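Subject: The structure you asked to see

Hello,

I am handing this structure over to you, and below it I have written up what was found. Please open it alongside the text as you read.

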Amino acid sequence: MNTQREVLALLDEILSLKGRSVAMTRDTPLLGALPELDSMAVVAVITALEERFGFSVEDDEIDGSAFVTVGALVDFVEAKLAG
Amino acid sequence: MARMAAEAFFLPADPGQRFCLYHPPRGAARGAFLYLHPFAEEMNKSRRMAASMARRLAENGYAVLQIDLAGCGDSSGDFGDATWQGWLDDVRRACDWLSARHARVPLWLWGLRCGALLAVAAAQQHRIAANFLFWQPVMAGRHHLQQFLRLKVAGEMIGGAAKGVMEDLKRRLAAGETVEIAGYALNPALAQALESAALVPPPTPGRLLWYEVSARAEATLSPAAQNCLEQWRAAGFTIHSAVTPAPSFWQTSEIEDAPTLLEATLMALS
């Protein structure tokens, strides 16, 4: 499984990026850079990650650092998968 | 084909009145649908899909009533004063209205997300015999409440500090306070009722159509959904379930269409 590809596909759907996610790299900034990423979108992304990858995110894990860049979000998911 | 006009009206309730949109069926009615919308902002995001499905159903010979629950949409009352019981009573009023016009055809409760939870709770409490059409149903109110409260956590996170926000919300609700989440005033009684709601089969079995959407083409129903469907099957319901490739339109940033969901629903009914 390619985590980054899965994460980008999910961002593309929820943020209605219409394929713009293909140009994103690990360094692409998210929070503060993507106007689509409002609180509803953040919650939708977290919920979709939980459903897609089968882990559960604790409330105190919801932290801005996981949403700084694409790479940070991918690392967050991989850390959750590693348990 | 000429589009049939929907009729907007206010259904008297107690207290206040509920905004309704009625889509008369083309020709003799084959069934009557009551649409129950999702919770809070998800309702607004899904307006267009609900309207599209309602029109398509009407064109295919089904009467459709869309109701804005108390404190939602264009109905009277504030969201902050809404109660679960009040919503259950709204469902019964709307069913009565539909049944008075279409007594001899099957009644369907069509619930999207939290609307599915409300549909089964109303059927249970008011002994409504109906078929059910669920779109991406919420199976546990507890999870849905958690997800809703997270909007506040996410909002604070964007602002820089999310630590302790959830604990604070839960403490205030437990203390009987109304909390403000993403522009919605959530009262403690509604939070509590939502938390204990579950998608359990109502006493009178009928048909159940269950649709989930997924961005992935090869997706299957989640284990949680499969377990839930097993309960409904054991309760005597005739079930059709599917996952259709479409965006999660009730939560996407822009208003999205899910034409595959419309087609799949119509196909299952025919």
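One term first: pLDDT is the predictor's confidence in each residue, on a scale from 0 to 100. You will need it here, since what you are looking at is a predicted model. For chain A the mean pLDDT is 91, with 99% of its residues at 70 or more.

**Chain A**

Chain A has three helices and zero strands, and its pattern along the sequence reads α-α-α. Its radius of gyration is 12 Å, close to the 12 Å that the globule rule gives for 83 residues, so chain A is as compact as a globular protein of that length. The C-alpha trace of chain A spans about 30 × 25 × 20 Å along its principal axes. Of its 83 residues, 31% count as buried. Among the contacts in chain A with a separation of 6 or more, 69% are between residues 24 or more positions apart.

Between helix H1 (3-14) and helix H2 (39-53) of chain A there is a loop, and Ser16(A) lies in it. Have a look at the backbone there: the phi of Ser16(A) is positive, near 50 degrees, in a residue other than glycine. Is Ser16(A) buried, exposed or partly exposed? It has 16 C-beta neighbours inside 10 Å; a residue needs 20 or more to be buried and 12 or fewer to be exposed, so Ser16(A) counts as partly exposed.

**Helix H2 of chain A**

H2(A) deserves a section of its own. It has 15 residues, which at 1.5 Å a residue should span 21 Å; the end C-alpha atoms of H2(A) are 21 Å apart, so the two agree. The buried residues in H2(A) are Ser39(A), Met40(A), Ala41(A), Val42(A), Val43(A), Ala44(A), Val45(A), Ile46(A) and Leu49(A). What covers them? Part of the cover comes from chain A, including its H1 and H3, and chain B contributes too, with helix H1 (41-45) and helix H5 (141-159). After H2(A) comes Gly54(A), where phi is positive, near 75 degrees.

**Where the two chains touch**

Across the interface, 21 residues of chain A are in contact with 23 residues of chain B. On the chain A side, H1 and H2 each supply at least two residues. Which element gives the largest share of that side? H2(A) does, with nine residues. By class, the side of chain A that touches chain B is made up of eleven nonpolar, four polar and six charged residues.

**Chain B**

Chain B has nine helices and ten strands. Its radius of gyration is 18 Å, close to the 18 Å that the globule rule gives for 270 residues, so chain B too is as compact as a globular protein of its length. Along the principal axes, the C-alpha trace of chain B spans about 55 × 45 × 40 Å. Of the 270 residues in chain B, 44% count as buried. Of the contacts in chain B between residues at least 6 apart in sequence, 70% join residues at least 24 apart.

Chain B is divided into domain 1 (7-140 + 205-269) and domain 2 (149-196). Taken over C-alpha atoms, the centres of domain 1 and domain 2 of chain B are 26 Å apart. Their contact takes eight residues from domain 1 of chain B and nine residues from domain 2 of chain B. On the domain 1 side, four residues are nonpolar, two are polar and two are charged.

One runs between strand S1 (7-12) and strand S2 (17-23) of chain B and holds Pro15(B). The peptide bond joining Asp14(B) and Pro15(B) is cis, with omega about 0 degrees. The other loop, between strand S7 (179-181) and strand S8 (184-186) of chain B, contains Ala182(B). Ala182(B) is a residue other than glycine with a positive phi, near 50 degrees. With 18 C-beta neighbours inside 10 Å, Ala182(B) counts as partly exposed.

How values were computed:
Residues numbered from 1 in each chain as written. Chains lettered and ligands numbered in written order. Predicted model: local features only at pLDDT ≥ 70, side-chain atom pairs only at ≥ 80, totals over all residues. Helix = DSSP H or I, 4+ residues; strand = E, 2+ residues; numbered from the N terminus. Rg over C-alpha atoms; globule rule 2.2 N^0.38 Å. Contact = placed C-beta atoms within 7 Å. Nonpolar A, V, L, I, M, F, W, Y, C, P; charged D, E, K, R; others polar. Domains from an automatic or database assignment. Expected span 1.5 Å × (residues − 1).
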